[in-house]
Amino acid sequence: MSLSSSTRPPAPNARNQGRPAGGGTNRLPSGRERRPALAALAVILILLGAAGSALIALNSGNRVDYVAVGDDPLPPGHLIQEKELARGSLAGTTGPLIKWADRGKVVNHYTTGWVYPAQYFTGGNVTDVSPIPSSGAQIGVVLEAGRAPSSGLTGGDVVQVVRVPTGSQDSVGPATLVAAATVMAAEGGVVADKGSTVNTLNVTILVPVGKAPAVAAAAASKTLVLVKLNPGTKTDVPRTNGGG
């Protein structure tokens with residue numbers, strides 16, 4: 001008895017029907033297969049958020065308190081009291097600012113120029129030497145056009161203080177009251193800035209004590225003129241910053 005093998009083709013619903021010869025597949029991933037990728041993405045986003053929060057917290061922790069001016073501006077030569085100061089917090093590079101912990105470097109010291117509300121103090125804003133020597137006096141004068149250079153004056157300038165005659169004093173010639181005085185501070189200008197109506201110059205000058213009455217009288221009578229000199233001119237009253 002002889003056996004013969006079957007030559008019938010595989011049934012249409014055979015398991016391997018439709019597979020490529022290389023064994024690959026082109027089907028889309030199932031929902032179950034997508035879940036791990038979404039979970040990994042969520043973990044990455046959480047880690048990034050945590051890192052950002054940590055960076056913000058780190059920067060906040062690096063903030064330091066510094067000495068600033070309180071509510072009122074302080075004029076040149078002012079003896080600073082702690083109640084006039086404010087504490088300001090900053091982060092990052094702050095240069096020469098004075099830390100609040102070192103406010104003793106500011107309290108009971110003198111201002112070297114105008115300092116304004118919310119301005120931070122540096123070593124250049126203060127001095128431990130009174131800016132008014134025993135031989136000097138500070139006088140404030142208000143000048144109009146023709147009484148000072150149109151370019152203005154600034155602290156540290158050297159000026160000659162001159163009294164000029166008025167219309168009713170033509171027989172009285174001009175007189176030099178102070179040969180060389182130091183400008184301690186100046187605000188405004190004899191020429192109004194663009195968009196401003198202010199055309200007066202407020203100047204504080206350091207003069208010899210003995211000449212203060214004559215300067216004050218000339219300032220009150222509006223017969224005072226300030227002539228700007230070479231900055232290297234030796235002043236009648238030595239300046240406290242070592243110059244003159």
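Read along the sequence, the protein chain runs α-β-β-β-β-β-β-β-β-α-β. That pattern comes to two helices and nine strands. The model is a predicted one. Of the 244 residues in the protein chain, 28% are buried.

**Whole chain**

- The protein chain exposes about 15600 Å², and carbon and sulfur atoms supply 56% of that area.
- Among contacts between residues at least 6 apart in sequence, 68% join residues at least 24 apart.

**Nonpolar cores**

- In soluble globular proteins, nonpolar side chains tend to be buried together.
- The largest nonpolar core in this model has 24 residues.
- Val161, Val203, Ile205 and Leu226 have the most contacts inside this core.
- Two or more residues of the core come from each of these elements: strand S5 (136–143), strand S6 (158–163), strand S7 (175–188), strand S8 (201–208), helix H2 (212–220) and strand S9 (224–228).
- S7 gives the largest share of the core, with five residues.
- Apart from this core lies another one, of 12 residues, and Val67, Val69, Leu74 and Val115 are among them.

**Ile205 and its contacts**

- Ile205 is one of the residues with the most contacts inside the largest core.
- Leaving aside neighbours within four places in sequence, Ile205 is in contact with Ala137, Gln138, Ile139, Val159, Val161, Thr182, Val183, Met184, Val215 and Leu226.
- Two of these partners, Val161 and Leu226, are also listed with Ile205 among the residues with the most contacts inside the core.

- Ala216 is in helix H2, and is partly exposed, with a relative accessible area of 36%.
- The C-alpha atoms of Ala216 and Gly140 are separated by 8.2 Å, although the two residues are 76 residues apart along the chain.
- Lys222 is in the loop between H2 and S9, and Thr223 is found in the loop between H2 and S9 as well.
- The side chains of Thr223 and Ser221 are joined by a polar contact of 3.0 Å.
- Leaving aside neighbours within four places in sequence, Thr223 is in contact with Arg147, Val162, Arg163, Val164, Thr166 and Ala218.

**Positive phi values**

- Most residues other than glycine have a negative phi.
- Ala118 is not a glycine, yet has a positive phi of about 75°.
- Ala118 lies in the loop between strand S3 (110–111) and strand S4 (126–127), where Ala118 is exposed, with a relative accessible area of 58%.
- Lys222, also a residue other than glycine, has a positive phi near 60°.

**Aromatic pair**

- How many aromatic pairs does a search of the whole structure find? The search finds one.
- The pair is formed by Trp114 and Tyr116, with ring centres 6.1 Å apart.
- Why does the pair count as stacked? The ring planes of Trp114 and Tyr116 are at 15°, and planes under 30 degrees apart count as stacked.
- Trp114 is partly exposed, with a relative accessible area of 33%, and Tyr116 is partly exposed at 36%.

Key: Residues are numbered from 1 along each chain as its sequence is written. This is a predicted model: local features need pLDDT of at least 70, side-chain atom pairs count only at pLDDT 80 or more; totals for chains, interfaces and linings use all residues. Side-chain values use heavy atoms; hydrogens and water are left out. A nonpolar core is a set of buried Ala, Val, Leu, Ile, Met, Phe, Trp, Tyr and Cys residues joined through side-chain atoms within 4.5 Å. Buried means under 20% relative accessible area, exposed over 50%, partly exposed in between (1.4 Å probe, protein chains only). Helices (H or I, at least four residues) and strands (E, at least two) are DSSP runs, numbered from the N terminus. Contact means heavy atoms within 4.5 Å. Rings of Phe, Tyr and Trp (its six-membered ring) pair if their centres lie within 6.5 Å; planes under 30 degrees apart count as stacked, over 60 as edge-to-face and the rest as tilted. A polar contact is a pair of N or O atoms within 3.5 Å; within protein, one must be able to donate a hydrogen and the other to accept it, and residues adjacent in sequence count only if both atoms are side-chain atoms. Accessible areas come from the Shrake-Rupley method with a 1.4 Å probe; for residues, only the protein chains shown count as cover.
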